[in-house]
Amino acid sequence: MEKVIVVLSGGLDSTTCMAIARAAGKEIYPLTFAYGQKHTVELEAARQVASYYGVSGRHKIINLEGLLSGSALTDADKEIPTGRSISEIGRVIPSTYVPARNIVFLALALAQAEPLDARAIYLGVNALDFSGYPDCRPEFISAFQEVINKGTAAGVEGHGIRIETPLIHLTKAEIIKTGIKLGAPYHLSYSCYQGSVPSCGTCDACLLRLKGFQEAGVTDPIPYRNKG
Ligand SMILES: [Zn+2]
């Protein structure tokens, strides 16, 4: 059985990646980052998703608190945008962009993967219906794949570690349909940037998630304070 790292935030996309890795018969090592995000509720969601897949014992949560900043997701003095239109989301890089987040996450996932002899890192980025983050685009992923190939023993010895981004070209609705087919536990997932319970329903993450469920023709199983 091939060992793989799944970067698990506890959100919809990474929960779908868990379902995809499980369906592909992989031995999953979930990896979650506590990076000082205001929505720490997602850490609990990540724990629950890992537990749902019976891999809590292999679930690692890395504490990066205080190391990432400069984002509305981390800084107390920056407000999380709400009530934006879907066409507005993704047009420019939003204040919820976290400098170097996926660069740091992938580097640390790699540091876990190589000694484990894991052969892939699953990352739930998607370039459609996304928030406009530069580190979610295919160009970034292929550049980082080059870093892995050139900068690790595994890569140089020819059995490099793949970055798997199964969602990268899917819309949110397609992601949700895929996850539902595979039995992804969306009722345990959490996406809201505000960290509120029930979810706010008005931040970019809630808006994209709700739009995805609506387009997929499925009811989102988690509660919202406001459903637009
Ligand atoms: Zn929200």
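Start by selecting Gly 10, which is buried with a relative accessible area of 0%; buried means under 20% relative accessible area, exposed over 50% and partly exposed in between, using a 1.4 Å probe and protein chains only. What you have open is a predicted model, where local features need pLDDT of at least 70 and side-chain atom pairs count only at pLDDT 80 or more, while totals for chains, interfaces and linings use all residues. Residues are numbered from 1 along each chain as its sequence is written, and side-chain values use heavy atoms, with hydrogens and water left out.

**Stop 1: the loop around Gly 10**

Gly 10 sits in the loop between strand 1 (3–7) and helix 1 (12–23). Helices (H or I, at least four residues) and strands (E, at least two) are DSSP runs, numbered from the N terminus. Which residues does Gly 10 touch, not counting residues up to four places away in sequence? Show Thr 15, Glu 42, Ala 45, Ala 46, Ser 189 and Tyr 190 to see them. Contact here means heavy atoms within 4.5 Å.

Now click on Gly 11, found in the loop between strand 1 and helix 1. Gly 11 counts as buried at 8% relative accessibility. Leaving out residues up to four places away in sequence, Gly 11 touches Ser 189, Tyr 190 and Ser 191.

**Stop 2**

Cys 192 lies in the loop between helix 6 and helix 7 and is buried, with a relative accessible area of 0%. Beyond its neighbours within four places in sequence, Cys 192 is in contact with His 39, Ser 199, Cys 200, Cys 203 and Cys 206.

Cys 200 is found in the loop between helix 6 and helix 7, and at 5% relative accessibility Cys 200 counts as buried. Its contacts, again leaving aside neighbours within four places in sequence, include Cys 192, Cys 206 and Arg 225.

While you are here, find Pro 198 in the loop between helix 6 (172–181) and helix 7. The peptide bond from Val 197 to Pro 198 is cis, with omega near -5°.

**Stop 2: the nonpolar cores**

In soluble globular proteins, nonpolar side chains tend to be buried together. A nonpolar core is a set of buried Ala, Val, Leu, Ile, Met, Phe, Trp, Tyr and Cys residues joined through side-chain atoms within 4.5 Å. How many residues does the largest nonpolar core have? It has 43, and those with the most contacts inside it are Ile 5, Phe 33, Tyr 35, Ile 121 and Cys 203. Strand 1, strand 2 (27–34), helix 3 (101–116), helix 4 (138–151) and helix 7 (204–216) each give two or more residues to this core. The largest share, five residues, comes from helix 3. A second, separate core of 26 residues includes Ala 21, Ile 28, Ala 46 and Tyr 53.

**Stop 3: aromatic rings**

The structure holds five aromatic pairs. Rings of Phe, Tyr and Trp (its six-membered ring) pair if their centres lie within 6.5 Å; planes under 30 degrees apart count as stacked, over 60 as edge-to-face and the rest as tilted. Zoom in on Tyr 52 and Tyr 53, an edge-to-face pair at 5.1 Å centre to centre with 80° between the planes.

Then select Phe 33, Tyr 35 and Phe 105, which ring pairs link into a cluster.

A charge sits over a ring if NZ of Lys or CZ of Arg is within 6 Å of the ring centre and within 35 degrees of the ring normal. Arg 101 lies over the face of Tyr 133, at 5.5 Å from the ring centre.
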